[in-house]
Number of protein chains: 2
Amino acid sequence: MTKLKNDTFLRALLRQPTDYTPIWMMRQAGRYLPEYNQTRERAGSFLGLCKNPDFATEVTLQPLARFPLDAAILFSDILTVPDAMGLGLYFSQGEGPKFERPLRDEWEIRDLTVPDPDTHLRYVMDAVTQIRRALNNEVPLIGFSGSPWTLACYMVEGGSSDDYAMVKTMLYSRPELLHRILDVNAQAVTAYLNAQIEAGAQAVMIFDSWGGVLSHAAYREFSLAYLERIVAGLKREHDGEKVPVILFTKGGGLWIESIAATGCDAIGLDWTMDLGVARKLVGNRVALQGNLDPTVLFSNPEVIRQETEKVLASYGSGSGHVFNLGHGISQHTPPENAAALVEAVHELSRKYH
Amino acid sequence: MTKLKNDTFLRALLRQPTDYTPIWMMRQAGRYLPEYNQTRERAGSFLGLCKNPDFATEVTLQPLARFPLDAAILFSDILTVPDAMGLGLYFSQGEGPKFERPLRDEWEIRDLTVPDPDTHLRYVMDAVTQIRRALNNEVPLIGFSGSPWTLACYMVEGGSSDDYAMVKTMLYSRPELLHRILDVNAQAVTAYLNAQIEAGAQAVMIFDSWGGVLSHAAYREFSLAYLERIVAGLKREHDGEKVPVILFTKGGGLWIESIAATGCDAIGLDWTMDLGVARKLVGNRVALQGNLDPTVLFSNPEVIRQETEKVLASYGSGSGHVFNLGHGISQHTPPENAAALVEAVHELSRKYH
């Protein structure tokens, strides 16, 4: 196997010395790029992009052709696993992801099974293999999945929600049913991410997008406990290289000490938490990824530079920081502002290393 | 002036000894009560309720007729102040509050003026006076307003938003314009709350519903700094009685030490933060109000009792805790579950006092 030409991202996740702070952007292959919208039109839909390895490879590489990013991330969706369980993922205009057959009856929950990643999720593994080939060892490829709790939110609600009333009613009234769903999800996500690692993903990230809607106690019981099980079950080495694991609970800043205790390599943070405060709390246990407010990219290169410097300064000197946005990049972002961000991070971070 | 028959709520806010933990519920006069819906129908609309002191008095008292709550809260909206500035508050079905004339031009921002509470907001003061009379000193009356930042969100966006792109673009690109809005808002909220206090409000609460969407640094500069100015400008005593001030930043758990430093008497907390952790961080500086997840009320009296006990235990022994939900009660709550909560708090909390 050939050596990576740029392994800055992986080194930072493992808290090894680097020359500068690496950067990638959540949702970097997305609607803010005109070339993405063109490919999506050819594919017919978002799921058409995800499920066709040629299209998935094409859009994964698009942001890297524009910006000197330090990592690529598999183009896919956080909800592929419940789709493979048979719930029927679809996207309705302006309303985000939905399931045709959400979990409505106890027998449906009892009948849930762990999908085999090599059959029902073959298209993902094919995309990973093909993207790795196309990347030609320039930068590492990140694989990912939604967290068991976040998957359960969509599986029970059937889509996104303001208050997650249905899944929380289950949590408080029928916790054993929710634990059954979470148990299957945790097994499925573990198998799915391990298959991605075997197919070539060089780091993996778990998106706990809705962990932040839980109470502190419910988060531990219904989200974190399952994240911990997944971390313990992942292949942490492949082809002689370490495969770092990043956990990202949106709105989880209050809980980072317990997230760090799961055994993950890095924690993703949204913009509500000061990186310096976070670093003090987690010590040397994990790296930190984040955390610029993506709306900063609506301003201009000068402001972007100032705000980038603030994020870098808040983390301070030394390794262990991967620069990112605190949430996915908005479709309304001017691409030249994303370029300004990548340039600012690379240039301004050198003095901290 | 006659003594309050039940001053438990005020004593708890001032961290004085009480026999039990007092409780009220955010949005306790609301759509989960059939009698509220009947009055609202007679009034024609939500704003029709707010702007007519007879209706406002009637719905304010409805939850107290059902449950032995320890406080009443003025029936009104957090956005009355910008409405009085001329922005034209209205409610569109299922989309929440909106403004007919959001701030779109610089001259509109320069022309903003502080509304006189005794003319444009006279209907609020009349409601306060009338509610106080109707309450007959049974329990104290809480007055309230939205925070300068939360008002600015609606004034600039024209309604609620997923990402607050417009107001955050202003924050990062034209901060001086946003500071101008916030400065007027802070003056207006101070005058408005002082007028409520003079009209008879015995405690006041500021709802910073959208503070949690800001970065840690932006929160301090664009929300907290203005909350601090308001706290410093409020009448803290009226008719020989202390008037406690409660600050509630939804999603502000990470920042409670700086919120406590504003000089407020109490901090409202949503359900993401453990009250015991919060209490350690703020020490004896402030009381804490919260923080049951309102979705617990979708379960049943037995679960409600267990979850109530957990919240009480997390705060622990001694005064300084006002029980509340971490967010407004949902319209889908069975009223008998709200009754079970009030009963559980009163009964289970005695051992902690």
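A nonpolar core is a set of buried Ala, Val, Leu, Ile, Met, Phe, Trp, Tyr and Cys residues joined through C-beta atoms within 7 Å, where buried means that 20 or more other C-beta atoms, placed from the backbone, lie within 10 Å of a residue's own. In the predicted model above, the largest such core has 242 residues. This is a predicted model, in which local features need pLDDT of at least 70, side-chain atom pairs count only at pLDDT 80 or more, and totals for chains, interfaces and linings use all residues. Residues are numbered from 1 along each chain as its sequence is written, while chains are lettered from A and ligands numbered from 1 in the order in which they are written.

**Confidence**
- The scores for the model are ipTM 0.94 and pTM 0.96.

**How the two copies are arranged**

**Where the chains meet**
- Counting contacts as C-beta atoms, placed from the backbone, within 7 Å, 27 residues of chain A touch 27 residues of chain B.
- H9, H11 and H14 (301-315) of chain A are the elements that give two or more residues to its side; helices here are DSSP runs (H or I, at least four residues), numbered from the N terminus.
- H9(A) provides the largest share of that side, five residues.
- The copies meet through the same surface, because 100% of the interface residues of chain A are also interface residues in chain B.

**Helix H9 of chain A**
- Within H9 (165-173), the buried residues are Val167(A), Lys168(A), Met170(A), Leu171(A) and Tyr172(A).
- Their cover includes H8 (148-157), H10 (175-199) and H11 (216-233) of chain A, together with H14 (301-315) of chain B.

**Inside the core**
- Ile142(A) and Ile142(B) have the most contacts inside the largest nonpolar core.
- Beyond its neighbours within four places in sequence, Ile142(B) contacts residues including Ala71(B), Ile73(B), Leu74(B), Val204(B) and Met205(B).

Terms used. Contact = placed C-beta atoms within 7 Å. Buried ≥ 20, exposed ≤ 12 C-beta atoms within 10 Å, placed from the backbone.
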